[in-house]
Amino acid sequence: MNMDMKQAEKEYKQPYENKEKLTPFITCIDHTVSRETFSLLLDPVTDLLVTFPRPNEADLPSYYESEEYISHTDAKRTLMDKVYQVVKTYSLKKKLKLINKLSGSKGHILDIGCGTGDFLSVCEKDGWKISGIEPSKNARNLALNKITYKEGIKKDLSEYSDSNKGKFDVITMWHVLEHVPNLLEYIDSLKDLLSPQGYLIIAVPNFKSYDASHYKEFWAAYDVPRHLWHFSEKSIRHIFGQYDFVVIQTLPLIFDSFYVSLLSEKYMTGKSNFISGFKTGLLSNIKAMRTKEFSSKIYVIKKR
């Protein structure tokens with residue numbers, strides 16, 4: 001790819017005043033939809049990777065139009081589908097336990113990128129007042145069939161007006177922040193919507209993990225161009241710190257290394273290699289017990 005670094009830096013709004021040059025980090029292929037090639041550029045100040053070129057917002061939805069994009073379906077066709085759904089069921093219980101432990105009382109939760117609505121459903125059944133955001137019409141329709149509060153899911157964050165300021169006791173983004181085109185503006189909006197003592201829970205892949213370094217350009221969690229940003233703990237702390245947020249806790253998503261490694265094996269070798277993928281996922285978690293660089297991490301964040 002011919003890399004226009006000046007154009008990349010023009011597109012990327014950096015969250016600090018003194019700009020430094022973006023530097024090439026790795027080149028990846030879109031394995032899910034287009035087979036197009038994209039570059040990941042490193043911001044040396046924030047330790048953030050930026051996908052380039054970035055599809056414009058009108059074209060971006062087309063990169064999600066695939067039956068392989070599992071978070072927008074409840075599919076159980078393939079082994080990968082079944083593994084994903086089993087892990088999702090277990091993870092839902094862990095997520096609910098986390099928000100109940102943090103909040104103490106069951107208030108109002110906003111789940112951004114709620115997908116097919118499973119997390120909102122378990123929250124509603126547990127006594128939470130729920131709201132959600134899901135751009136995908138198909139996923140949104142599936143979600144609405146699982147909840148009783150039919151006005152609870154909107155298409156976009158902009159549908160929440162000034163009257164919603166400080167409304168939410170918990171805002172969750174489970175593997176969503178990496179998809180947001182207008183990153184800095186979005187974080188600013190989250191600050192407005194979160195109550196003064198509320199919790200923001202962000203889960204994102206971690207490109208500092210062992211499985212990322214092992215699979216390199218085939219690491220499935222790069223997922224270009226749907227993932228526009230690629231985070232490390234440093235980048236999360238730095239960027240959210242600019243908006244007077246503070247990370248108060250980090251937690252691992254243990255199962256992500258296995259799922260990502262299984263998918264990465266398929267991208268790298270052209271076939272599903274369960275044993276090799278499982279070994280790499282396990283090794284990634286073992287190494288992360290020392291380094292804390294898990295394949296994906298949850299960040300519990302509050303206003304300063």
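Reader: Why is aspartate 244 called partly exposed?

Author: This is a predicted model, so what follows rests on computed values. The relative accessible area of aspartate 244 is 39%. Buried means under 20% and exposed means over 50%, so aspartate 244, at 39%, is partly exposed.

Reader: What makes aspartate 244 and lysine 191 a salt bridge?

Author: The N to O value for the two side chains is 3.6 Å. The cut-off is within 4 Å for a nitrogen of Lys or Arg and a carboxyl oxygen of Asp or Glu, so the pair of aspartate 244 and lysine 191 qualifies at 3.6 Å. Aspartate 244 sits in the loop between helix H7 (233–241) and strand E10 (245–252), and lysine 191 belongs to helix H5, so the pair ties together parts that are 53 residues apart in sequence.

Reader: How do you know that lysine 191 is partly exposed?

Author: Lysine 191 has 24% relative accessibility. Since buried means under 20% and exposed over 50%, that value falls in between.

Reader: What makes lysine 297 buried?

Author: Its relative accessibility is 3%, and the cut-off for buried is under 20%, so lysine 297 counts as buried. Lysine 297 also forms a salt bridge with glutamate 233, with the closest N and O atoms 2.5 Å apart. Glutamate 233 lies in helix H7 and lysine 297 in strand E11, so this pair ties together parts that are 64 residues apart in sequence.

Reader: Why is H3 called largely enclosed by the rest of the structure?

Author: Six of the eight residues of H3 are buried, which is why H3 is described that way. The buried ones are Asp118, Phe119, Leu120, Ser121, Cys123 and Glu124. Just after H3, glycine 127 takes a positive phi of about 105°.

Reader: What share of the chain is buried?

Author: Of the 304 residues in the chain, 52% are buried. Strand E8 (residues 194–205) has ten of its twelve residues buried, so E8 is largely enclosed by the rest of the structure.

Reader: How do you know which strands E8 pairs with, and in what direction?

Author: The bridges tell us. Pairing needs at least two bridges. Six bridges join strand E7 (residues 168–174) to E8, and these two run parallel. Six bridges also join E8 to strand E11 (residues 296–303), and here the strands run antiparallel. On the E11 side, leucine 200 stands opposite isoleucine 301.

Reader: What makes a right-handed β-α-β unit here?

Author: The unit consists of E7, helix H5 (residues 183–193) and E8. Right-handed means that, with the strands pointing away from the viewer, the path from the first strand over the helix to the second runs clockwise.

Reader: Why are strands E1 and E9 called edge strands?

Author: The open sheet has four strands in the order E1-E2-E3-E9, with antiparallel pairing. Strand E1 (23–29) and strand E9 (229–230) each pair on one side only. E1 is joined to strand E2 (residues 37–43) by six bridges, and the bridge partner of threonine 23 in E2 is leucine 42.

Reader: Which residues form the nonpolar patch on the surface?

Author: The patch is formed by Phe274, Ile275, Phe278, Leu282, Leu283 and Ile286, with about 550 Å² of accessible area together. Leucine 282 lies in helix H9 (residues 274–291).

Note on methods. Residues numbered from 1 in each chain as written. Predicted model: local features only at pLDDT ≥ 70, side-chain atom pairs only at ≥ 80, totals over all residues. Heavy atoms only, no water. Buried < 20%, exposed > 50% of the residue type's maximum accessible area, 1.4 Å probe, protein only. Patch = residues over 30% accessible without salt bridge, like charges linked within 9 Å, V, L, I, M, F, W, Y side chains within 5 Å. Areas by Shrake-Rupley, 256 points an atom, 1.4 Å probe, with all protein chains shown as cover.
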